[in-house]
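Look at the sequence and the structure before reading on.

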Amino acid sequence: MARILPKHKISIFALFVFSLLIEGSSNKFSRSLSPKSYGLKKEKLSHLQFYLHDIVSGDHPTAVRVAGAAMTNTSSTLFGATMVIDDALTVGPKPTSKIVGRAQGIYSFTDLNEFGLMMVFNYVFVEGKYNGSTLSILGKNPFLSKVREMPIVGGSGHFRFARGYVLARTHSLNLSSGDAVVKHDVYVLHY
């Protein structure tokens, strides 16, 4: 004859089965989403152009050295020096040009053999339709080269899901102070 389980064992068994059902339906690691369900329209390519002002001298620098190794000051390439930046982005090359944003982040001298920077920063836009939006840049910048290419790895606001690249060209460099103005041509795919 079949044995009947006590009530509390039936309740525990029912809870166990119920928890397995819930776990199987709501505890997924990933799922596919439709871009349209998030209001994303057709992807477009935009070209932005501005000038970055990296000021390391004077009373109001926008790039400040925050770290270095014991060998940094004797290195021919400043290997190990790390700078934090909050550089102005302007429409034209003059410091009095209209500010459209800031480049905020870090760059480090990471090459033992030539002048080369590892750039990790955001363009933080403060003007026009991109006000409040950002683009994130991460890449190598051999700054003595005529043209340097760095990847865009993401963004926020109008630049969610952004990808693309930046072409940087030195407009002016003061060798005695280290101050530089760099033209940035930005090509970005975004929605």
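## The largest pocket

The lining of the largest pocket consists of 18 nonpolar, five polar and four charged residues. In this count, Ala, Val, Leu, Ile, Met, Phe, Trp, Tyr, Cys and Pro are nonpolar, Asp, Glu, Lys and Arg are charged, and the others, Gly among them, are polar. The model is predicted: local features need pLDDT of at least 70 and side-chain atom pairs count only at pLDDT 80 or more, while totals for chains, interfaces and linings use all residues. Residues are numbered from 1 along each chain as its sequence is written, and side-chain values use heavy atoms, with hydrogens and water left out.

The volume of the largest pocket is about 580 Å³. Of its 27 lining residues, D54, Y107, F109, F143 and G178 are the closest to the centre. Among the elements that give two or more residues to this lining are strand 1 (44-54), strand 4 (99-109) and strand 9 (180-190). Strands (E, at least two residues) are DSSP runs, numbered from the N terminus. A pocket is an open set of points on a 1 Å grid over the protein atoms alone, where a 1.4 Å probe fits, with protein on both sides within 12 Å along at least five of seven lines; lining residues have an atom within 4 Å of a point. Grid points are joined across faces, edges and corners, and the volume is the space filled by probe spheres set on the points.

## The second largest pocket

The second largest pocket has a volume of about 230 Å³. Its lining has 13 residues, and G39, L40, G157, H158 and Y191 lie nearest the centre. The classes here are five nonpolar, four polar and four charged.

## A nonpolar patch

V64, V66, V84, I106, M118, V120, L138 and V153 make a nonpolar surface patch of about 610 Å². Strand 2 and strand 5 each give two or more residues to the patch. Patches use residues with over 30% relative accessible area and no salt bridge, and nonpolar side chains (Val, Leu, Ile, Met, Phe, Trp, Tyr) are joined within 5 Å. Areas come from the Shrake-Rupley method with a 1.4 Å probe, and for residues only the protein chains shown count as cover.

V66 is in strand 2 and is exposed, at 52% relative accessibility. Buried means under 20% relative accessible area, exposed over 50%, and partly exposed in between (1.4 Å probe, protein chains only).

## Salt bridges

The whole structure has five salt bridges, each a side-chain nitrogen of Lys or Arg within 4 Å of a carboxyl oxygen of Asp or Glu. One of them joins D86 and R102, at 3.0 Å from N to O. D86 is in strand 3 and R102 in strand 4, so this pair ties together parts 16 residues apart in sequence.

D111 and K140 form another salt bridge, at 3.1 Å from N to O. D111 lies in the loop between strand 4 and strand 5 and K140 in strand 6, so parts 29 residues apart in sequence are tied together. D111 is buried, at 13% relative accessible area, whereas K140 is partly exposed, at 42%.

## Two positive phi angles

Most residues other than glycine have a negative phi. L78, which is not a glycine, has a positive phi of about 60°. L78 lies in the loop between strand 2 (63-67) and strand 3.

F161 is not a glycine either, and has a positive phi of about 65°. F161 is in the loop between strand 7 and strand 8 and is exposed, with a relative accessible area of 58%.

Conventions:
Helices (H or I, at least four residues) and strands (E, at least two) are DSSP runs, numbered from the N terminus. Patches are made of residues with over 30% relative accessible area and no salt bridge: like charges are joined within 9 Å, nonpolar side chains (Val, Leu, Ile, Met, Phe, Trp, Tyr) within 5 Å.
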